[in-house]
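Please look over the sequence and the model first.

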Amino acid sequence: MRYLAASVYSPNLAVSSFNDVPRFGHTSVITDIYDVNGGINTAVLSDYLRGTVFIAGLCAAMFVSWIVVMLLCKCIGRRAGIAAGYPYEYDGQHSAKYYDGGRDEPKMKCGSVTVMAGAFTISVVGILFLVKGARSAQNVFEDIRDGASGLREIENLLVNSTNDAINFGTDTVPLKENLITVLDGGICNPPDPSFQSTADQINSQAQSVVNILAAIQDFSRNELITLQSAIDQEIDPVVDALFRVANEGEKYSTPLYIAAPIVVFGLILGFGAFLSWKGSGCSPYFCVQSWIVLPFFFLFIFIITILAALAGTLLTINSDICLGGDTRNPEGTVKILVEKAALQGTFLEAANYYVINSCEGQFTQKTEVDNLVSSLSSATENMNSLQTFLKSGDSQTFSAQCGIDETRLVEIQTAVDETVLAFAELESIVVQAQSVIECERINGIFVDIYHDAICDSAPTTFLWMFSTCFIVLLLGMLIILLRGALIPGISTHEGY
C-alpha cells in the first residue's frame, strides 16, 4: 500500500533548485494567476511569466555574446588565429606558429585536442540523455497510466456498486412488504409472561432488520442513476484524457529526436579534430566538414539554445506547481486552487479529506457508509441469531411458547431466510462501496499523478533535457569558436 501523500513528498534536486531561480521582483506564486472566480488574471499571468525567463534569458545572452565574440574575432582577422577560422601555420621545419606569435609544434595540437575532447564529450552526453532521459520520460507516462488505471478501477467499482444498489432496492420491495406483513402484530406474543423477555428480543431483532431494509430502500433510485450519469460525464473523460496524454506523449516525446543529432555531430566533429590533430591530408573530408557539417552544426546550436531555454522555463514553472501554498508541497497548490474555486459542501469536504489533509479528519459520506457497515453487521448478527433460534428445537413447542400456530411459524422462517440472503447481498454491496471511497486508494491516485508524474519524473526529465542542451550549447559554442583547429595546419611556404 502507498504511503499517504503529505508524509512522503520531498522535492527533488530539479524542483528545489529551479524554484529558487531569480525572479527580479516578479511573482513566483503560480496560483496567483487565478482570480477568486476561477478565471485567469492576465495581468498577473504576464507578471508571472516575466519572472520565469531567467534561464531563457541566460541562454539567449550566452548565444548572443558568442555571436558577438565570433564577429570580433573575424574582424581581427589572422591575429585571432583559430578563433577567426584560420588554421595553424608552421614553417618548413614544422615549427608551429599562431598568427599572433610563434609557438612550438606541441602547442599547435592543443586546439585540436580541445575540440576533439569537446566533440566526443558531446557524444557521451547525447548517449547519457538517450538512456537516462528516456527512462525518466518513460516514468512520467507510467505514473500517469497508473493514476488513470486507478481512476478507471474506481469508476468500474462505482458503476457496479450503483447497479447492485439499484437492483437490490428493486428486489427488496416485495421482501420488505412481506416482512411487514409477517411482523404485523409481532412475531412472538407469548401467553406465558415468563417467556416475555425472550419474545421481546426476537421482536427487536426482527424490527432491526425491517429498519435496515427501509433505510436502503429509501435511497432514491433516481439519485443512483444520477450518480452513474455523473461518473460517465466526469470521471470517464478524465480517464480517457490521461491515457491519451500518456500514449501521445510517449509517441512524440522520445529523447531520440534530440540525442541522435547530438551523438552524430559529436562523432563527426570529433573525428575531424582527430584527423586535424594527426595532420591528415584527407581534404574531401575537411571540405565537407567546413561547408556542410559546421553550418548545420551552427543551426543545431541555435535550436539547442531554444530547447535549453524552453526546458529551463518549463522546469521553473513545474517547480512552482509542486511547491505551492504555505506548506510548500503539491497539497498546498491544490488547497489554494480549491479556495479560489470557492468549492462548497461535498466537493470541498472531499478535497480536504482525500488530497489536502491526506486522509486526516472526516468525510461525511465515508462516515455514513462506515456507520451503515457497522449497523448492517449488527443487524446481520441479529438475523443470524433469529434464524438459528427459529430453526432450533421443536417447532410445536416454539409455536406454543410464542402463541402462534405452526403455519405462521413456517411463514416467519421463510421470510427470515429470504432476509438473511438479502442481507448477504446488501453487505457485499456496502463493502464494495466502502472499498471505493477508501482514502488510501484515492490519495494513491493523487500521488501517482501529481507527486510521481508531475513533481518527480517530469522535473527529472526536464532537468536531463536542460543539462544536456546546456552542456551541448557550451561545448558547441567552443567548438565553433575554435573551428580553425578542425583544419590541418599549413606550411608558411604553402600559403593559405
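Helix H9 (residues 283–322) has 40 residues and spans 55 Å from its first C-alpha to its last, close to the 58 Å expected at 1.5 Å a residue. The expected span is 1.5 Å times one less than the number of residues. Helices (H or I, at least four residues) and strands (E, at least two) are DSSP runs numbered from the N terminus. A kink of about 40° in H9 is centred on Gln289; the bend is the angle between axes fitted to the seven residues ending there and the seven starting there.

## Basis and confidence

This is a predicted model, in which local features need pLDDT of at least 70, side-chain atom pairs count only at pLDDT 80 or more, and totals for chains, interfaces and linings use all residues. Residues are numbered from 1 along each chain as its sequence is written, and side-chain values use heavy atoms, leaving out hydrogens and water.

The chain has a mean pLDDT (the predictor's confidence in each residue, from 0 to 100) of 80, and 83% of its residues reach 70 or more. Confidence is highest in helix H4 (residues 54–76), at a mean of 94, and lowest in strand S3 (residues 101–102), at 42.

## H4 against H9

The axes of H4 and H9 come within 7 Å and cross at roughly 160°. Axes are lines fitted to C-alpha atoms, for helices over the stretch in contact, and angles run from 0 to 180 degrees between N-to-C directions. H4 and H9 are therefore roughly antiparallel (over 145 degrees) to each other.

Definitions and conventions:
Angles under 35 degrees count as roughly parallel, over 145 as roughly antiparallel, 65 to 115 as roughly perpendicular and the rest as oblique.
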